[in-house]
Amino acid sequence: MSLAQNRPKTEAATAGMEAAAQDRAWEPLIVAFCCNWCSYAGGDLAGTSRMQYPSNIKVIRVPCSSRMNPLFILRAFQRGADGVLVAGCHPGDCHYSTGNYLVRRRLSAFKRLIEFAGLEPERFEVRWISSSEGDKFSEVMREMTAAIKALGPNGKLRDGRWRKIT
Amino acid sequence: MRYRYFPGCTVKDQAKNMEETTLAAAAVLGIELEEIPEWQCCGAVFPLYEDEVITLLSPVRTLAKAAGDPVVSLCAACHHILKRAQEVMQRNAEARRKATDFLEVEYDGQGRVLHFLEVLRDDYGFARLGQTVKKPLAGRKVAAYYGCLLLRPSKVMQFDDPENPSIMEEFLKALGAEVVTTPYRTECCGAYLSVTQKQVAEDTVAKILNSAERAGAEVIITACPLCRYNLENCGRTAGKRMPVYYFSELLAEALAVAGTAAVEAGEVRPG
Amino acid sequence: MPRVGVFICWCGTNIAGTVDIETVVETARNFPGVVHTADYRYLCSEIGQDLIKEAIKNEKLEQVVVGTCSPRMHESTFRKAVAEAGLNPFLLEVANLREHCSWVHQDKTEATAKAIALLRAAAAKAVLNAPLIAPRLDVEKRALVIGGGIAGIQAALDIAEAGYPVDVVEREPSIGGRMAQLEKTFPTLDCAACILTPKMVEAAQHPQINLLTYSEVEEVKGFVGQFDVKIRQKARAIDATKCTGCGVCYEKCPTKTESEFEMGLAKRKAIYVPFPQAVPNVPVIDRDNCLYFRKGRCRICEKECPPQAVYFEQQDQILERRYGAIVVATGFDQLNPVEYGEYAYGQHPDVLTSLEFERFFNAAGPTGGKVVRLSDGKPPRNVVFIQCVGSRDKARGMNYCSKICCMFTAKQAILLKEKVPEARSYVFYIDVRTAGKGYEEFQRRAAEQYGVAYLRGQVGKVFPDGDRLTVKGVDSLSGKTIEIQADMVVLAAASVARGDAAQVGRVIGINSDQYHFFNEAHPKLKPVETHTAGIFIAGACQAPKDIPDSVAQASAAAVKAVGLLAKEKLQGEACTARVDQSGCSGCLYCEAVCPYGAISAVQIEEHFRGEKLTRIVAEVNAALCQGCGSCTVACRSGSINLQGYTNAQILAEVDAICL
Amino acid sequence: MKQTENHSRFIEEMKERSGQDPACCLQCAKCSAACPVSAVMDLLPHQVIRYLQLGFTDEACKSKTPWVCASCFTCAARCPRDLDLARMMEGIRLVALRRREGNRLNPGELTPEQLKQLPQQALVSGFRKYTK
């Protein structure tokens, strides 16, 4: 039995998710891959400090930004993400010493590739956010959301069977 | 070396000798100062409130006319306002749009905005100036007075160290003068308070001149007509007789520029 | 499809206030594999954990998903709970519904939708979880302490007393650090040397402690329990086994240069010990200034040395050693206030930093213990102390409070009154911060019994006018501007991280904050740990700190190090990389990117159509692998996977979030 | 003294137009110590900011201080919280001027001698600062 059933329902909850979603204008979906040691922790600090940012961003935790296989990013675009962010420790501060140097090289090449494939380069960003930069974390999230909102929905690289462009 | 020259109102009237001595010296040094045609007042005050765009129009018009060529001025106030207006044009897209739309010009903050002293330091070089000097001001004990507008805010003006500047001292050294440093050289002289509350300006000026005197200065130089007015007028009230010159007057003297109105009028004279 | 249980935590109102729990639970019920859902006010409580354990048993759950606070907070708690119920602890996934959702969003509909997405991703990853076993690792029973100030000395003594050998690496020729530079310590005014020197000697004589002075750490490799460290022992040009510390060499040396220990206020010789009580009492030749090293002649010290200990040909030595734990205690610097032109520091000899002023009180200091003006050698009558020079200053300095300045200024004002009874002290302050045992009483004593004038305000400018300093300040309480004709001005410059702290942190492998102070693992609950297991921090390298705090933190770090060294075996990383050797082509790109040298080539035998073939493939040493996953991306055939974060799992998360 | 009813609107406008937030001031009073003309102010600069922090905006506007301020930028150059007080003073002046509370400078008050000797720059800036 769910304890939640005993609680009074709030207005927002009773209105129903579906109806609410329909009332709203298009909202971008942004997938953020954050390294466990710096950027994910920076996100935690943003939370502890109650630094608000748009809910469009959904974070996936990876041990290190060097775990980022470009395929993960392509998959996100394929499945309907409008933007993808990879965040790791500042160069030189990697928990695993050199991981972010690798990802810096890999993903700067990858960024040019997706640009070549016709995607606006702003849709894919790599940022360095340390565990003490809660403010930077929320700022990057706000900036990225604003940038993607300005670009509009992404249709490129998208698998039409997966998620509809609303 | 060619520059677009913005004189400003004061330099054409009350501070005429600053312009005359500068132009005469510049001619000797091979620095071409080409007056911007149909220039207007710089605005006299920099609008500190971001919604005051009207006050920006005048300096922006001047900057737009220079179209990216380096703009040089002599009056510290003019230079301050041009430099800060340029910074607003670079930083604030909203103000830039409003100002350029209104003026129907194109300007996005490009180009160097310089004070003549910066031209001497950065482009001509004080070392070279030292070699060009014909009549070194040997034995003349000169103090430099900077005032506010050239130095602050230092992030925008980027003129010199705001608390311990050295450009005027190096300039004086190049002219062969004996440099006297006074700790009050960056303190405000009272600015336009001499218009409304003269007593304030008299007190601040007395402090500056007393300290220069104690340090052994015989002459004090400035680049600001208002500073000069205050130092002379309020200084006189306070019983001080230290001569106040524009930097350019000593420059012309050291270069032995003859025939300018200033020299003939006896404005350029040994201290 | 495994049987998945989903548990949602309200975290009081922390999550439930912004996320509609009921909707989330309802939705989660329909995730693939989910056979059980529940929610509770505090899932991390004992009752909450029991709820999970019961469900695992009753519902025969094979995978557990919790929607709670950050996994960095409670993942280990729930792993333990899952393990207690008989499941492998790695069959657990955490969705971060608090730090990444309820605390950063206000709109309940949005937050609820996001919570569902995050939970869906966690559930999608969970169904692909496999049981993992962490390797057990050896522990080298020796500790390294970096920095030989009071914090380093204390940590070394505590570890040594617990029975483990310790090496102390100190960059300077002597241990002692900043504390050795101080004359007196607050709030008791006992002499710094009197309480520090015995500790220095104790450290030097302890059979378990090995002092490596005039040495620096060059490289740290390995991981908790097995750090491989390279230490450069700089050549002193003295044979320490022969030197008796008689001091003839530095008496005879003809070359003088500025003494670092005296903050440049006095001279030392090119061959020198930094201060009389130095430990070890073995001089060093400063090669940048020594006549012989610069010009190839002199060698007076060599001639005069009675035991013939001078040894010009001595070379730097590299010591390579393995340590189980490391304590970092590299200390702090005082900000150089030259940026603050208005205080005339560097333009007038009577404007000093407090650390410089401290040396005036010391009998062995630049003035022989007399407080006098450097300009004319006369004792000062009016001394102005300016607080917060570079502290609490986001424009030109540090945004933080340096914590110790209020106290050391009160101390110096008291000492001044004792040395120069006719002197008057004026302290310009923003706030007086004296939290600490006996601190407030001490500061009040300065104001009430020693007549120190405290002025609440700041100084606008110091004018070196004539032979005195005109200080223009303000007292904000009376609203009066104040001009003081001062003889000396003392700047309480901010305590800052060592100039090369960022570089040192990089070498050691720990990260630092925006001011380059080393970061603790948790600001409240892990104050001496770092994010790198096995490396601990103590003293002012973490943040400005006074002596009692530094000593306390050093002892805490020592206990943590000892606790680690006392372990028979350590549990290693479970989420390690694994090679699927059937797909591996043996290109070994993975080996090149591995920062731990955990990947190597092995030869395997295969039987193919009755033939026996051998080929080269990659193999991961699980004890060395730290689980960064870098190799998985380098692998061209996708044959290396990171356990716990497999390609399939991350793709499943992406799919689930984009649904 | 009491809080002005529309003080929060005033502060909001000030924050937006001058980019300076009085809440950032920690009242170290360095501005007052640095001010070359504080001698003739009825409130020291830090006190004006304190009034704004407390919502005593009317009192801040009535003070002589913003009119004495010479915009020499010394306070801003030395403020440890990076506040530009000159902009804040300008904000107060503008509010008062825009309320048409009367100009602070009357051309008739200037002596013929002043008019002759004062640099144009002083006249123009004086009128720009003190009149609307």
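Is Arg87(D) buried or exposed, and what is its relative accessibility? At 8% relative accessibility, Arg87(D) counts as buried (buried is under 20% relative accessible area, exposed over 50%, partly exposed in between, with a 1.4 Å probe and protein chains only). The views below are taken from a predicted model, in which local features need pLDDT of at least 70 and side-chain atom pairs count only at pLDDT 80 or more, whereas totals for chains, interfaces and linings use all residues. Residues are numbered from 1 along each chain as its sequence is written, chains are lettered from A and ligands numbered from 1 in the order in which they are written, and side-chain values use heavy atoms, with hydrogens and water left out.

**View 1. Salt bridge between Glu50(B) and Arg87(D).** The two side chains meet at 3.2 Å, N to O (a salt bridge is a side-chain nitrogen of Lys or Arg within 4 Å of a carboxyl oxygen of Asp or Glu). Glu50(B) lies in the loop between strand E2 (32–35) and helix H3 (54–66) of chain B, and Arg87(D) in helix H7 (residues 85–98) of chain D, so the pair joins two chains. Helices (H or I, at least four residues) and strands (E, at least two) are DSSP runs, numbered from the N terminus. Glu50(B) is partly exposed, with a relative accessible area of 24%. Salt bridges with shared partners join Glu50(B), Glu87(B), Arg91(B), Asp84(D) and Arg87(D) into one network.

**View 2. The interface of chain A with chain C.** Here 61 residues of chain A are in contact with 62 residues of chain C (contact means heavy atoms within 4.5 Å). The size of an interface is often given as the accessible area lost when the parts come together. Chain A and chain C bury about 5,400 Å² between them, 56% of it on carbon and sulfur atoms; buried area is the accessible area (1.4 Å probe) that two parts lose on being put together, summed over both. Between these chains there are four salt bridges, and one salt bridge pairs Arg72(C) with Asp44(A) at 3.9 Å, N to O. H3(A) gives the largest share of the side of chain A that touches chain C, seven residues. By class, that side has 32 nonpolar, 16 polar and 13 charged residues (Ala, Val, Leu, Ile, Met, Phe, Trp, Tyr, Cys and Pro count as nonpolar, Asp, Glu, Lys and Arg as charged, and the others, Gly among them, as polar).

**View 3. Surroundings of Ser66(A).** Ser66(A) is placed in the loop between E2 and H4 of chain A. Its relative accessible area is 0%, and Ser66(A) is therefore buried. Leaving aside neighbours within four places in sequence, Ser66(A) is in contact with Gly99(A), Val103(A) and Arg106(A) in chain A, and with Cys628(C), Gly629(C), Ser630(C) and Val633(C) in chain C.

**View 4. Two salt bridges within chain A: Asp159(A) with Arg79(A), and Glu120(A) with Arg123(A).** The side chains of Asp159(A) and Arg79(A) meet at 3.6 Å, N to O. This pair links distant parts of the chain, 80 residues apart: Asp159(A) is in the segment after helix H6 (134–151), and Arg79(A) in the loop between H4 and strand E3 (83–88). Asp159(A) counts as buried at 11% relative accessibility, and Arg79(A) counts as buried at 12%. For Glu120(A) and Arg123(A) the N to O distance is 2.8 Å. Glu120(A) counts as partly exposed at 25% relative accessibility, whereas Arg123(A) is buried, with a relative accessible area of 1%.

View 5. Pro153(B) sits in the loop between strand E5 (141–144) and helix H8 (154–157) of chain B. Pro280(C) lies in the loop between strand E15 (271–272) and strand E16 (284–285) of chain C.

**View 6. Positive phi at Glu104(B) and Cys388(C).** Glu104(B) is not a glycine, yet has a positive phi of about 55°. The residue is found in the loop between helix H5 (93–103) and strand E4 (113–115) of chain B. Glu104(B) is exposed, with a relative accessible area of 73%. Cys388(C), again not a glycine, has a positive phi of about 55°. Cys388(C) lies in strand E21 (residues 382–389) of chain C and is buried, with a relative accessible area of 17%.
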